[in-house]
Amino acid sequence: MHYRTLGRTGLQVSEIGFGAWGIGGIQWTGGDVSEARRALERAVDLGLNFIDTALAYGDGHSERLVGEIVRARKEPVFVATKVPPKNRLWPAPAGAPLREVFTYDYIIECTEQSLRNLGLDVIDIQQLHVWNDDWTDEAEWFDALLRLREEGKVRFFGISINDYQPTNALRLLSSGRIDTVQVIYNIFEQAPEQQLYPFCQEHNIGVIARVPFDEGGLTGAITPDSVFPEEDFRSWFFRGDRKQKVYERVERLKKLLGPEARSLPELALRFTLSHVAVSTVIPGMRSVAHVESNLALSDGRRLSPQLLEQLREFAWDRTGEW
């Protein structure tokens with residue numbers, strides 16, 4: 001396992017972390033708890049030391065499972081979690097006032113609940129689960145985080161940027177209040193490279209890259225005939241003609257497989273790891289097989305400039321399709 005510095009936190013984190021949404025979202029994934037537990041244990045056995053969860057994942061189930069594994073290990077494992085929006089709206093709607101999303105007391109309450117779920121004394125990174133840059137200059141949310149840090153309950157602060165809005169955090173990052181950002185970044189979603197990543201590199205802000213497989217689209221598992229249960233998030237994500245569009249792009253992407261990446265998942269994960277701004281990438285891994293195949297790619301190799309240039313044509317602006 002290779003490690004990278006998580007920005008100015010100074011934490012040395014595994015370049016592949018564990019995205020714990022899937023193991024918490026039983027209502028969406030039908031996850032096997034015993035297999036999820038084995039997957040987490042195997043990941044730490046292989047050197048993974050960064051887990052990203054959230055209070056909203058399975059109403060605390062993900063945090064409880066993560067905490068169970070972390071407490072049982074002798075080696076340090078860094079845990080990042082998130083305060084959900086009070087109005088339960090993802091992403092944060094434009095114009096939503098802060099008092100409807102992150103009040104002082106609410107942030108304190110959620111953090112203390114996360115600590116109880118995890119069974120830990122301190123959270124390494126507490127993140128706000130949505131963001132709107134209009135809230136940057138308001139004191140309430142930051143005062144709550146400062147109190148939590150002063151009380152020794154939180155070490156560092158981060159935000160999870162709204163889906164496909166990588167520039168909706170630049171004002172906040174300029175304020176110097178935030179240590180890490182979490183953002184969607186993959187072969188289809190390359191927009192963070194334009195403004196967000198250069199800014200993070202200049203100001204030493206840690207980057208947690210999420211959704212490297214584009215909800216399964218970049219693994220080759222999605223075809224025009226794919227069907228998902230109504231309660232499954234993917235039934236919304238791949239709505240309309242999205243499955244057909246993904247399938248056509250992935251068929252073209254297969255032509256780039258070769259010595260540098262022999263499978264679509266390998267190509268997708270190596271692409272995300274190839275950007276120097278990325279501190280860690282957090283694929284969802286609900287089985288030991290997923291853990292072993294993904295972590296095997298932490299070998300320090302980056303895709304060649306030539307292949308990365310070919311992958312530029314697969315950038316897909318979907319902001320108008322949502």
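User: Cys110 first: buried or exposed?
Analyst: Cys110 is buried, at 5% relative accessibility. Buried means under 20% relative accessible area, exposed means over 50%, and partly exposed is in between, using a 1.4 Å probe and protein chains only. Bear in mind that this is a predicted model: local features need pLDDT of at least 70, side-chain atom pairs count only at pLDDT 80 or more, and totals for chains, interfaces and linings use all residues. Residues are numbered from 1 along each chain as its sequence is written, and side-chain values use heavy atoms, with hydrogens and water left out.

User: And Cys200, what is its relative accessibility?
Analyst: Cys200 has 2%, so it counts as buried.

User: Switching to rings. How many aromatic pairs are there?
Analyst: The whole structure has 13. Rings of Phe, Tyr and Trp (its six-membered ring) pair if their centres lie within 6.5 Å; planes under 30 degrees apart are stacked, over 60 edge-to-face, the rest tilted. One of the pairs is Phe188 with Trp316, edge-to-face at 5.2 Å centre to centre and 85° between the planes.

User: Where do Phe188 and Trp316 lie?
Analyst: Phe188 is in the loop between β8 (180–184) and α8 (196–203), and Trp316 is in the segment after α13 (305–311), so their pair ties together parts 128 residues apart in sequence. Helices (H or I, at least four residues) and strands (E, at least two) are DSSP runs, numbered from the N terminus.

User: Are those two buried or exposed?
Analyst: Phe188 is buried at 0% relative accessibility. Trp316 is buried too, at 6%.

User: Which charged end sits over the ring of Trp316?
Analyst: That of Arg249, 3.8 Å from the ring centre. The test is NZ of Lys or CZ of Arg within 6 Å of the ring centre and within 35 degrees of the ring normal. Arg239 lies over the face of Trp236, 4.3 Å from the ring centre.

User: Which cluster is Trp236 in?
Analyst: Ring pairs link Trp236 with Trp21, Phe228, Phe233, Phe237 and Phe238.

User: Now the sheet. What is the strand order?
Analyst: The open sheet runs β3-β4-β5-β6-β7-β8-β9-β10, eight strands with parallel pairing. Pairing takes at least two DSSP bridges between two strands. The edge strands are β3 (18–19) and β10 (280–281).

User: How many bridges join β6 and β7?
Analyst: Five, between residues 123–128 and 154–160. Gln126 stands opposite Phe157 in β7.
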